[in-house]
Amino acid sequence: MEFNIDLTRNEKRTFYRFFALYLGGSLFLMMLIAILYYQNEKKLYFDLTKTRMQNVVSNISSRIIFTHMSDSSLDLKQFLKNDIYKISFYDKDKNLIIGNLNEKIDFTKQFIQNEQNFTLVNDSTYGHLGVAYIVIQENLLFKSLKKMQVDIITLFLIVYSILALIGFYLAKLLLKPIKDEREKLNNFIKDTTHELNTPISAILMSSESEELTKKQIKRIQLAANKISEIYKDLTYIFLEDNSEKEDFKNINLKEVIISQLKYFEALAERKKISISTSLEDTNYFIDENDFIRLFNNLLSNAVKYNKMKGSIFIELKNNTLTIKDTGIGIEEKKINDIFNRYFRATTQSGGFGIGLNIVKNITTQYNIDIQVDSKVNEGTTFILKF
């Protein structure tokens, strides 16, 4: 069986262990059911055959007794014309009177069973018409049991094959989320490495000369801020327990936004992006670092995915924060996924898909309503209502 999904060696080992355990458990359970079913059906079929043979013998015995009591004649040969049973009649000395059974009969047993047939010995005639024993033999019982065995084995193999296929695809379905998460993590590591490499390279290149120019210092500051942002985002996602935060303060959102804008001046200047604001004093109970992380991720995306010589408009009014850009926009079918961790709507710019996931976590934590309006090649607007 081949995989249509790429699994690691450990994942394949887990797959085969699970699959083998599933097949072994299914085999044991199905064999137990099949054996119990066969034994039950065999007993029922045996009892039914025995009852039918006893009925046949009882009818013959009754006719023999009635004939003898009524002093009439009876031709025993008529009972031998039977497609299902072989019948023989014996006297009190166990000598054959007439019949079509050739083998030796053990008259000490009422039922005789072997691998080929099933024989019943009956002495209910009490010697009437000289008949002391009626022996009847059935040859279909064991043929029927053999057919039943074949049918059960065939059905067993069909059902087991179906269960095996179900188990195979079930195991793949169970491993697929693990495989998807592994791929997301691998891509995340690659993207993180790439994101860190860019600012680190800028720092190394700008610090090669002994005397730094203002432009080189600005590059170093920009790269250092970028590394700091990456570090804070990773710390927030993987190291902090955000569910138990209680350090809420009634902060002035306008003042925090103004203080953070200066960190984006150099980044916006590189793409010749203009940032305009319209801010009103707005107070809100929130951890200041959380709001900074929320605002910075949104503004960072507005710059990162904007066009050259684009623009960004930031408005804080009536407890509503609006960040609008003239960037590349987001396809409508992807808007619902942009807040998922590691999801990237485009590979046009850098990033590793955790910024908007952080935004979503913070807005959920503080019951902030967030809305997204975006059009491809026209821009994106994030609206936060506090």
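Trainee: Let's start with asparagine 117. Which residues is asparagine 117 in contact with, leaving aside its neighbours within four places in sequence?
Mentor: Glu103, Ile112, Gln137, Glu138, Asn139 and Phe142. Keep in mind that this is a predicted model.

Trainee: Where does asparagine 117 lie?
Mentor: In the loop between β3 (111–113) and β4 (118–122).

Trainee: Is asparagine 117 buried or exposed?
Mentor: Buried. The relative accessible area of asparagine 117 is 9%, and the cut-off for buried is under 20%.

Trainee: OK, helices now. How do α6 and α7 cross?
Mentor: Helix α6 covers residues 288–304 and helix α7 covers residues 355–365. Their axes come within 9 Å and cross at roughly 140°.

Trainee: What do you call that, then?
Mentor: Oblique. Roughly antiparallel would need an angle over 145 degrees, so α6 and α7 are classed as oblique to each other. The crossing of α6 and α7 is left-handed.

Trainee: Which residues of α6 and α7 meet?
Mentor: From α6, Asp290, Arg293, Leu294, Asn297, Leu298 and Asn301. They meet Gly355, Leu356, Ile358, Val359, Ile362, Thr363 and Gln365 of α7. Sorted by class, this contact has six nonpolar, five polar and two charged residues.

Trainee: And which residues of α7 are buried?
Mentor: Gly355, Leu356, Asn357, Ile358, Val359, Ile362 and Thr363.

Trainee: What follows α7?
Mentor: Asparagine 367, which has a positive phi, near 55°.

Trainee: Back to α6. How do α4 and α6 cross?
Mentor: The axes of helix α4 (residues 253–261) and α6 come within 10 Å and cross at roughly 55°. That makes α4 and α6 oblique to each other, and the crossing is right-handed.

Trainee: Which residues meet between α4 and α6?
Mentor: Leu253, Val256, Ile257, Gln260 and Leu261 of α4 meet Glu288, Phe291, Ile292, Phe295, Asn296 and Leu299 of α6. By class, the contact of α4 with α6 has eight nonpolar residues, two polar and one charged.

Trainee: Changing topic. How many aromatic pairs are there in the whole structure?
Mentor: A search finds 15. Take phenylalanine 15 and phenylalanine 19: their ring centres are 5.8 Å apart and their planes are at 20°, so that pair is stacked.

Trainee: Where do phenylalanine 15 and phenylalanine 19 lie?
Mentor: Both are in helix α1 (residues 9–69), four residues apart, which is about one turn of the helix. Residues three or four places apart in an α-helix point the same way, because there are 3.6 residues a turn. Phenylalanine 15 is buried at 1% relative accessibility, and phenylalanine 19 is buried at 10%.

Trainee: What about phenylalanine 291 and phenylalanine 386?
Mentor: Their ring centres are 6.2 Å apart and the planes are at 55°, so the pair is tilted. Phenylalanine 291 lies in α6 and phenylalanine 386 in the segment after β12 (379–385), so this pair ties together parts 95 residues apart in sequence. Phenylalanine 291 is buried, at 1% relative accessible area.

Trainee: Which residues form an aromatic cluster with Phe15?
Mentor: Tyr16, Phe19, Phe168 and Tyr169.

Trainee: Last one, serine 161. Where is serine 161 found?
Mentor: In helix α2 (residues 141–206). Serine 161 counts as partly exposed, at 41% relative accessibility.

Definitions and conventions: Residues are numbered from 1 along each chain as its sequence is written. This is a predicted model: local features need pLDDT of at least 70, side-chain atom pairs count only at pLDDT 80 or more; totals for chains, interfaces and linings use all residues. Side-chain values use heavy atoms; hydrogens and water are left out. Axes are lines fitted to C-alpha atoms, for helices over the stretch in contact, and angles run from 0 to 180 degrees between N-to-C directions. Helices (H or I, at least four residues) and strands (E, at least two) are DSSP runs, numbered from the N terminus. Angles under 35 degrees count as roughly parallel, over 145 as roughly antiparallel, 65 to 115 as roughly perpendicular and the rest as oblique. A crossing is left-handed if the near helix is turned anticlockwise from the far one by less than a right angle, and right-handed if clockwise. Contact means heavy atoms within 4.5 Å. Ala, Val, Leu, Ile, Met, Phe, Trp, Tyr, Cys and Pro count as nonpolar, Asp, Glu, Lys and Arg as charged, and the others, Gly among them, as polar. Rings of Phe, Tyr and Trp (its six-membered ring) pair if their centres lie within 6.5 Å; planes under 30 degrees apart count as stacked, over 60 as edge-to-face and the rest as tilted. Buried means under 20% relative accessible area, exposed over 50%, partly exposed in between (1.4 Å probe, protein chains only).
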